[in-house]
Amino acid sequence: MELCWLLVGALVSLLSRVQSGILYPRESETRQVKSLDGIWQFRASNDTVDGIKETWYAERLSQSGPTIPMPVPSSYNDITEEKALREHVGVVWYERTFFVPQSWKDEQLRVWIRFGSVNYLAHVWINGKPVAYHELGHLPFQQEVTEVLTYGSENRITVAVDNTLSPITVPQGSLDKIQTINGPKTVQRYTFDFFNYAGIHRSVHLFTTPNVYIDDVTINTDVVGSKGIVYFNITYNGTFDKNSVGCWVGLFDADGVPVASTPLNDKIEANSFTGYSEIPNAKLWWPYMMNPEPGYLYTLEVRLLNLAKGNNNVQDIYRQRIGIRTIQWTNSSLLLNDKPVYFRGFGRHEDSDIRGRGLDLALVTKDYNLLKWIGGNSYRTSHYPYAEEIMDFADEHGIMIIDECPGVNIDLFSPDLLQKHKDSLTELIQRDKNRPSVIIWSVANEPRTQHPASADYFRSVVNHVKTIDDRRPVTLAMIQGPDNDYAGQFMDILSFNRYNAWYQDPGKTEVIQLKLKAEAERWHSKHNKPVLVTEYGADTMPGLHLMPEYIWSEEYQVELLSEHFKAFDTLRNKNNSFFIGEMIWNFADFKTDQATTRVGGNLKGVFTRNRQPKAAAIHLRKRYLHLAHELDNFDLPDDLDKYTAPVMSHQSNHVEL
């Protein structure tokens with residue numbers, strides 16, 4: 001990073017109030033939320049530090065140069081027809097104006113700015129004053145801005161976004177200069193196989209809290225017999241007399257009926273309450289197809305009280321939906337509510353036409369409808385944390401999540417990189433720790449674990465995760481084989497990506513069963529832990545049909561899947577099986593950087609980029625739903641097999657239609 005960026009970041013750190021919580025902004029009787037989504041003004045900078053040196057943030061952005069309209073949230077890369085913007089490396093600038101009511105000041109409310117995600121590095125000014133600095137993409141950040149706002153009149157927010165990756169960013173990258181007819185050009189190099197979309201990717205909110213406010217909520221759950229137990233820790237902040245603050249926690253079922261009430265007066269720390277509630281005959285959170293009522297959620301309501309004014313004087317209220325479930329793992333299985341889980345899922349991407357990685361609620365809803373239609377019960381947030389709104393759907397629909405940090409293709413292990421990697425996991429776990437859908441933490445995708453230095457590195461990474469959350473297992477998606485890896489020994493679940501008959505032995509589907517079975521067994525015999533395949537698949541051009549099967553055709557994708565299915569069934573039907581799931585790469589086609597091996601992007605999806613099914617989707621649906629029927633007694637839908645001809649019953653000699 002440029003020196004001036006570091007100096008600006010240090011300045012903001014000195015000005016900032018450190019916050020431990022990152023609660024999603026929700027309205028309540030004591031909180032107001034204002035969206036800043038919409039059309040912002042935008043310009044790209046040809047020099048990484050020009051805007052800082054020339055203080056573009058001190059006045060309207062249009063005063064320092066021309067601007068164009070830019071939607072927020074979205075990636076900026078595909079919004080225009082300009083190749084230069086799609087391939088831009090360095091800083092871009094965003095700006096918009098907004099109003100805040102005078103009543104917020106009159107009522108002495110605290111006001112906060114919150115970004116759901118900015119890729120990659122963000123610096124934020126309001127009315128020309130620095131208020132926030134954040135370096136990790138894909139994760140939220142917030143800052144109190146009460147003192148810099150002008151109440152009852154116009155305010156201006158300016159955001160500088162830098163998409164530059166380096167050997168010590170998560171993920172890693174490097175810069176290179178190439179010679180062109182127009183002179184030298186800076187290009188970004190990275191090894192991961194998805195496009196480095198950039199911009200303000202998720203929603204921007206202003207929200208208010210009272211002077212004394214709920215800062216964080218931490219939930220753990222357990223089940224004893226038919227009784228559900230919810231443990232909670234509530235932290236608060238603000239200007240307060242520690243003896244005058246009380247807390248009340250209530251639990252409500254899905255219909256809003258109260259099921260538990262717990263007043264809290266004992267603090268384990270000056271600004272923290274801890275306690276638990278018991279729910280008789282609790283409804284548990286189950287994955288989709290494992291229970292007639294999957295994704296059951298209760299609402300936890302926290303009330304912060306001013307005891308000096310009586311127990312009924314409420315200072316702040318925050319509500320959060322929670323699920324009650326248990327997770328355990330052994331050397332051969334993962335159990336949810338004491339029942340073994342078999343993952344039937346996908347690798348995915350936040351990716352769509354035009355908006356890139358920008359949040360699109362219509363697309364999110366469509367994707368979950370497709371996930372349920374195809375019979376999936378899980379996916380991995382490959383290769384970064386997904387939007388909180390996407391995770392809400394997983395909680396509500398009972399979709400199990402392997403929650404992955406942005407550590408993709410890690411190489412060049414260093415202390416600086418290790419610290420940022422840990423920071424990304426801290427922020428991820430802080431954000432998603434209460435989600436019942438999050439079953440496993442994934443600390444990386446395809447790191448170069450053939451290097452001996454990766455051993456100490458991942459030992460430290462996993463230990464860091466365990467100090468924050470030891471109630472979920474840890475994995476990473478490995479690309480090295482079991483005999484060429486130093487990191488698998490530290491994982492609770494052994495996950496691996498393997499492209500037999502595609503990158504290895506392309507076209508030779510007859511090798512799949514032998515190779516996959518042998519590798520899975522070798523992983524388990526080496527480390528005595530459960531094994532999961534997190535990636536397999538083949539690129540497929542929609543509409544290309546070739547018989548006999550030939551690579552890139554829809555027929556070849558179906559044949560490749562079928563050979564994997566046979567291997568998976570051999571593994572899962574073994575006595576004392578250690579094999580716990582299969583995740584195809586990918587749910588839908590997605591954009592990549594330009595390469596001669598890519599035709600418009602990575603086409604390994606069973607759905608196209610605009611979410612239409614390939615032949616593989618129909619084929620995969622039959623497998624996933626039949627597995628749900630076999631393993632969880634899920635009723636098969638009527639449309640699974642289309643009518644072709646009468647079926648003769650061998651026992652009764654009558655025709656079934």
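## R319 and its polar partners

The side chains of R319 and E301 are joined by a polar contact of 3.1 Å, where a polar contact is a pair of N or O atoms within 3.5 Å, of which, within protein, one must be able to donate a hydrogen and the other to accept it, and where residues adjacent in sequence count only if both atoms are side-chain atoms. A polar contact of 2.8 Å also joins the side chain of R319 to that of E29. This is a predicted model, in which local features need pLDDT of at least 70 and side-chain atom pairs count only at pLDDT 80 or more, while totals for chains, interfaces and linings use all residues. Residues are numbered from 1 along each chain as its sequence is written, and side-chain values use heavy atoms, with hydrogens and water left out.

R319 has its place in strand β22, which covers residues 314-322; strands (E, at least two residues) and helices (H or I, at least four) are DSSP runs numbered from the N terminus. Leaving aside neighbours within four places in sequence, R319 is in contact with R26, S28, E29, T299, L300, E301 and R303, contact meaning heavy atoms within 4.5 Å. With a relative accessible area of 27%, R319 is partly exposed, a class that lies between buried, under 20% relative accessible area, and exposed, over 50%, as found with a 1.4 Å probe and protein chains only. The C-alpha atoms of R319 and V249 are separated by 9.7 Å, although these residues stand 70 places apart along the chain.

## The protein as a whole

The secondary structure of the protein comes to 11 helices and 35 strands. Its radius of gyration is 26 Å, close to the 26 Å that the globule rule gives for 657 residues, so the protein is as compact as a globular protein of that length; the radius is taken over C-alpha atoms, and the rule is 2.2 Å times the number of residues to the power 0.38. Along the principal axes, the C-alpha trace spans about 80 × 75 × 50 Å.

Buried residues make up 59% of the 657 residues, and among contacts between residues at least 6 apart in sequence, 72% join residues at least 24 apart. The protein exposes about 26700 Å², of which carbon and sulfur atoms supply 50%; accessible areas come from the Shrake-Rupley method with a 1.4 Å probe, and for residues only the protein chains shown count as cover.

Q450 is found in the loop between β29 (438-445) and α8, and S454 lies in helix α8 itself, which covers residues 453-468. Q450 is partly exposed, with a relative accessible area of 26%, whereas S454 is buried, with a relative accessible area of 0%.

A polar contact of 2.9 Å joins the side chains of Q450 and Q480. Beyond its neighbours within four places in sequence, Q450 is in contact with Q480, N484 and Y486, and the C-alpha atoms of Q450 and P482, 32 residues apart along the chain, are separated by 9.7 Å. The side chain of S454 reaches the backbone oxygen of T449 at 3.3 Å, and S454 touches F413, R448, T449 and Y486, not counting residues up to four places away in sequence.

## Cis peptide bonds

V72 and P73 are joined by a cis peptide bond with omega of about 5°, and P73 lies in the loop between β3 (68-72) and α3 (83-86). Another cis peptide bond joins W585 and N586, with omega of about 20°, and N586 is found in the loop between β33 (579-584) and α11 (615-632).

## Positive phi values

R611 is found in the loop between β33 and α11, and its phi is near 70°, a positive value in a residue other than glycine. N576 lies in the loop between α10 (554-572) and β33, and its phi, near 55°, is likewise a positive value in a residue other than glycine. In accessibility, N576 counts as exposed at 73% relative accessibility, while R611 counts as buried at 4%.
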